[in-house]
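Thanks for making time this morning; I would like to walk you through one model, going from the overall picture to helix packing and then to a few individual residues. Please have a look at it first.

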Amino acid sequence: MSTAIEIRSAPHIKAPRTVEQIMRNVVGSLLPVCAFFVYQYGVSALASLLCVTAACLFTERLFVKTGTQSGSLSDWSAVITGLLLALTLPPGFPLWMGCVAGVVAIALGKAMFGGIGFNVFNPALVGRAFVQAAFPVAIASYTPSFLPGRFINAIPSTLAWPMMQPSDTTAWLHNMQIDGLSGATPLAKWKFDGLMVLPQDLLSSLAGHMAVGPSPLLILACGAYLALRRFMDWRIPVAILGSAGLTAWMLYGLDPVRYPNPFFMMFSGGLMLGAIYMATDMATSPVTPRGMWVYGALIGVLTVVIRYYSGLPEGVMYAILISNAATPLIERITQPTPFGKSGLLQPKRGASYPLHPEYISREEANAVTPKKRLLKNKPKP
């Protein structure tokens, strides 16, 4: 009897959980965040969540059916992309524009690279970046939260016809006897008007008539669930929040009049959502422990720098996308020294390194190389 020897690439010790299990738990942790978003903005937020997610699922099915990308709808990755993308859009964002964002997120952010596990950038942020460049006025139009009648009447701009300019919400807010300026986000108020919202109001997001997203406390609680269940590595969000808070604290110490306090920087905008759910994407973040700290620190510092010194009030999206592009370099320079080599020598390019315990490889996910490749120079799995 002959004995066959099977040679496989690392990791050789694999966790019992699958990609589908991880994705289902991430979707489950996102449901309270989505429910709070609907509680804040009513039927417009619900319609946005459903339409954007449906567009992502349809596009995913299309590319899987044609053999352009690997994966399937049962892996729940397209659902996560749709929910996260909808949470980053204004609640009154026209539904047809949201569908465009969903299609672009899957087509350009995922299918173009080969599907799940092959993408270089976070798909939800790719879709968000596209609509920010394509529809800059609509994506900057926010409405206050907890408006009366939000569960009965939709925000007028939500139901705009395709290829038509959405209606202005300023007159609609004026008819409701609400100041139109209250529709600006806290970061926009600070950036352009010099007005600052109290950090305690941002922490819970329960203060009415503010254009804020889901509660950072709720997002932290959902992220703690994922970290405790080991569905997410805690190093990345800790590094992001720590570096952002430290950078903001240093600048605040230099000039308290010009720069806001670090708590305002940490609890405003999409920093909490990006740190917990977007920067921790397994396919686009480093797998080395030291690389996770470097990656998270880079996102935190870039977020504060973009917020302070650019013309945009928010910088989380660009900070994560830039760090996604730097992930291969970060992994290369943070590889541990191979066993048996001197610590004074530089690690070789092909050296192996330990993965964090819950990392799911492409082999473990049973992912297959797509039959058709839009990018011919993609690395093989």
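This is a predicted model: local features need pLDDT of at least 70, side-chain atom pairs count only at pLDDT 80 or more; totals for chains, interfaces and linings use all residues.

Of its 381 residues, 51% count as buried. If we take the contacts between residues at least 6 apart in sequence, 76% of them join residues at least 24 apart.

Let me turn to the packing around helix α4, which covers residues 95-107, and begin with its partner α5, residues 123-134. The two axes come within 8 Å and cross at roughly 130 degrees, and the two helices are therefore oblique to each other. The contact is made, on the α4 side, by Met 97, Val 100, Ala 101, Val 104 and Ala 105, and on the α5 side by Pro 123, Ala 124, Val 126, Gly 127, Phe 130 and Val 131. By class, those residues divide into 10 nonpolar, one polar and no charged. As for handedness, the crossing of α4 and α5 is right-handed.

Next comes helix α2, residues 43-65, which packs with α4 at an angle of about 35 degrees, the axes being 8 Å apart. This crossing of α2 and α4 is right-handed. On the α2 side the residues that meet α4 include Ala 47, Cys 51, Ala 55, Thr 59 and Phe 63, and among those they meet in α4 are Leu 95, Gly 98, Cys 99 and Val 103. The contact of α2 with α4 has 11 nonpolar, four polar and one charged residues.

The remaining neighbour of α4 that I want to show is α3, and here the axes come within 10 Å and cross at roughly 135 degrees, which makes α3 oblique to α4. The crossing of α3 and α4 is right-handed. Ala 78, Thr 81 and Leu 85 of α3 meet Ala 101, Gly 102, Ala 105 and Ile 106 of α4, and by class this contact has five nonpolar, two polar and no charged residues.

Ser 44, which has its place in helix α2, is buried, with a relative accessible area of 1%. Setting aside its neighbours within four places in sequence, Ser 44 is in contact with Pro 91, Ala 154, Ile 155 and Thr 158. Thr 88 is found in helix α3, residues 77-88, and Thr 88 counts as buried because its relative accessible area is 16%, the cut-off for buried being under 20%.

Now for the aromatic rings, of which the count comes to 10 pairs. Tyr 259 and Tyr 308 form a tilted pair, with 5.0 Å centre to centre and 40 degrees between the planes. Why does this pair tie together parts that are 49 residues apart in sequence? Tyr 259 lies in the loop between α11 and α12, whereas Tyr 308 lies in helix α14, residues 289-309, so the pair links those two parts. Both tyrosines, Tyr 259 and Tyr 308, are buried. Elsewhere, Phe 36, Tyr 39 and Phe 146 form one aromatic cluster.

Finally, the loops. Leu 147 is found in the loop between α6 and α7 and counts as buried at 6% relative accessibility; its C-alpha atom is separated by 9.5 Å from that of Leu 173, 26 residues apart along the chain.

For backbone geometry, most residues other than glycine have a negative phi. Trp 76, in the loop between α2 and α3, has a positive phi of about 70 degrees although it is not a glycine, and at 32% relative accessibility Trp 76 counts as partly exposed. Arg 230, which has its place in the loop between α10 and α11, likewise is not a glycine and has a positive phi of about 60 degrees, and Arg 230 counts as partly exposed at 43% relative accessibility.

Notes. Residues are numbered from 1 along each chain as its sequence is written. Side-chain values use heavy atoms; hydrogens and water are left out. Axes are lines fitted to C-alpha atoms, for helices over the stretch in contact, and angles run from 0 to 180 degrees between N-to-C directions. Helices (H or I, at least four residues) and strands (E, at least two) are DSSP runs, numbered from the N terminus. Angles under 35 degrees count as roughly parallel, over 145 as roughly antiparallel, 65 to 115 as roughly perpendicular and the rest as oblique. A crossing is left-handed if the near helix is turned anticlockwise from the far one by less than a right angle, and right-handed if clockwise. Contact means heavy atoms within 4.5 Å. Ala, Val, Leu, Ile, Met, Phe, Trp, Tyr, Cys and Pro count as nonpolar, Asp, Glu, Lys and Arg as charged, and the others, Gly among them, as polar. Rings of Phe, Tyr and Trp (its six-membered ring) pair if their centres lie within 6.5 Å; planes under 30 degrees apart count as stacked, over 60 as edge-to-face and the rest as tilted. Buried means under 20% relative accessible area, exposed over 50%, partly exposed in between (1.4 Å probe, protein chains only).
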